[in-house]
Amino acid sequence: MMAAPDPARRGRLLFGGFALVLAVWPLGIDDAYLVSVAITMLWFAAVGQAWNLMMGFAGQLSLGHTLYVGLGAYTAAALYVHFGIGPWIGVWAAVAVAAAAGAVIGGLGFRFGVRGVYFALLTIAFAEFTRIGFDHLDWLGGSAGFFLPLDHDGALPWADLRGPPLLFYYLLLAYTLGLFLLCRAVIARPLGYRWRAVREDQEAAAASGINVFRTKLAAAVMSAALTAPAGVIQAFYYNNLFPDQAFAMHRSIEMILAPIVGGIGTLFGPILGAVVLTPLGEALTLGLEALAIDLPGLKQTVYGVLLVVIVLRLPSGVWPPLARRLGLGDAATRTPDR
Amino acid sequence: MTAGDPPLLAVEQVTKRFRGLTAVAEVSFTVPGGAIVALVGPNGAGKTTLFNMISGVFRPTVGAIRLDGRDLVGLDPARVCRLGVGRTFQLVRPFPALTVLDNVLIGGLVHGDGVAAARARAWHELDRLGLAGLAARLAASLTLPERKLLELARALATGPRLLLLDEVLAGLRPTEVDQLVAVLRGLNQALGITILMVEHVMRAVMALSDRVVVLDHGVKIADGAPATVVADPRVIESYLGVEEP
């Protein structure tokens, strides 16, 4: 049909509009609470995107992604506090450290054929013993916490990220959109196709000439590296780091909810998932407060039930059916015309 | 064939033992370039084990497997594929959640010249096998014959010199068998692709193959022209079945 609009073009327009809205709304609405919610939302969109690279595209389940957040956060914070090196340089060190950790875990797991759930257990184990190690690392504050100085001497808040929340909001927006575009570019390349082949059937992928080990390792390293900046932003936003939070297992689980709800293995799914889940969580908090219900755990229970309903009703996530309804494909699954 | 002109594939005294069980015992045979050779035998004869050794999934306990004189033993499946051995699986294994086009495109990536070139190669193979109309469908939605063709297209996109087909005709209707036999003959004649096939459909074996190698309990019991092999009393006894008097 010639009249049908090109879904790729429509997708670009809608995504551009979406990005524009995210960029402009804080200018009109100066609300500290909304900005803080939006920061949380973008943070989860970004780490979800980075996690989805490994799980959604290469099919390797990591339940210890908080490790890369924590390593990124501590690396940049340590460089800043101990050596006076700013976050814009520190982030590269953070990326390198997280990539090395991803290479160690992926290298060990994939070399010895640790697959599926067992690989996921390995990722949890690494995150957990790193947490315990940091608890005893006095140079970085140990379990008592590691704190970044709040004072700022320079005139440019951007230079060492000593600025207002809005600065972090725009930083996260750039990070999230950049990650989206990067993932979109990578999955259109041979590596992205190899990831999907390995995800679908490892033996058939090998028989098609794909080096399965290298392909999976590339996913683990890239995913870890791309997660680390989220840790850096977290460290400079909150100005404090505790091993029990930075490496918390529940955080690893939280990180994967947005891509699961939005749609694993899609490009827009992790963003959409965060757009759905973060406000949902906040609304629950506000709603229960407004109703003056103070029952410990009730919010988590309601949130959990809502998650179960979403996953049961939309097992492939919210985005695939929504994309169809909007007449869009997702670049991850679209078949180009001849 | 002279001594200086090695066969495309040479299986030399290959043995595979799984713990105590000997699946393949001292099997030797060759596949000359350009030939179609069928590997037949009852279930459990060691045919698929032999395929898995040639394609690098298993390492032979003893013996050598040479492609154009080069020993393949110890190479992983990806390397074997890159050296020009394409394969299909007995239980078809397309990439289910990917489109037909992307399935074949992935095979075409092995040449290392990028996605666009691999996509062009994929369209070429889809056209050749009559699958172009299904290009945008997910592999999981195909019928069994379609999935078999898809796997063949994916293997062809890797540009094989030797194609290993593991029961590619099993489960097909007679008319579908005839169509695929014609396709295979075309690949062999037009492209010069050498084929080693594990096959139970004797009608196709007789129609297609230049040579038949018969395995029984891991041992080679016959190796020769199809007409000679099916007349061999040992083959009749072990595989084709003894006629009641």
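**Close-up 1. A:Asn239, a buried residue with a positive phi.** In this predicted model, A:Asn239 has a relative accessible area of 14% and is therefore buried, as the limit for that label is under 20%. Let's look at its backbone next: phi is about 65°, a positive value, although A:Asn239 is not a glycine. Most residues other than glycine have a negative phi. As for its place in the fold, A:Asn239 sits in the loop that links α9 and β2 (240-241) of chain A.

Close-up 2. Is B:Glu26 buried or exposed? With a relative accessibility of 57%, B:Glu26 is exposed, because that label applies over 50%.

**Close-up 3. Helices α4 and α9 of chain A, packed together.** Two packed helices are described by the angle between their axes and the distance between the axes. Here, α4 (residues 87-111) and α9 (residues 212-238) of chain A meet at an angle of about 145°, and their axes are 7 Å apart. The crossing of α4(A) past α9(A) is right-handed. On the α4(A) side, the contact residues include A:Val91, A:Ala98, A:Gly102 and A:Phe110, while α9(A) brings residues including A:Phe213, A:Leu217, A:Ala224 and A:Phe236. What kinds of residues make up this contact? There are 18 nonpolar, 3 polar and 2 charged ones.

**Close-up 4. The largest nonpolar core and a second one.** The largest core holds 89 residues, and A:Trp43, A:Leu67, A:Tyr74, A:Phe168, A:Tyr169, A:Phe236 and A:Leu241 have the most contacts inside it. Which helix gives the most to this core? That would be α2 (residues 32-57) of chain A, with 14 residues. Zooming in on A:Tyr169, and leaving aside residues up to four places away in sequence, we find that this side of the picture has contacts with A:Leu22, A:Trp25, A:Pro26, A:Val35, A:Ala38, A:Ile39 and A:Leu42. A second, separate core has 62 residues, among them B:Val40, B:Val104, B:Ala135 and B:Leu187.

Methods: Residues numbered from 1 in each chain as written. Chains lettered and ligands numbered in written order. Predicted model: local features only at pLDDT ≥ 70, side-chain atom pairs only at ≥ 80, totals over all residues. Heavy atoms only, no water. Axes fitted to C-alpha atoms, helices over the stretch in contact; angles between N-to-C directions. Helix = DSSP H or I, 4+ residues; strand = E, 2+ residues; numbered from the N terminus. Left-handed = near helix turned anticlockwise from the far one by under 90°. Contact = heavy atoms within 4.5 Å. Nonpolar A, V, L, I, M, F, W, Y, C, P; charged D, E, K, R; others polar. Buried < 20%, exposed > 50% of the residue type's maximum accessible area, 1.4 Å probe, protein only. Core = buried A, V, L, I, M, F, W, Y, C linked by side-chain atoms within 4.5 Å.
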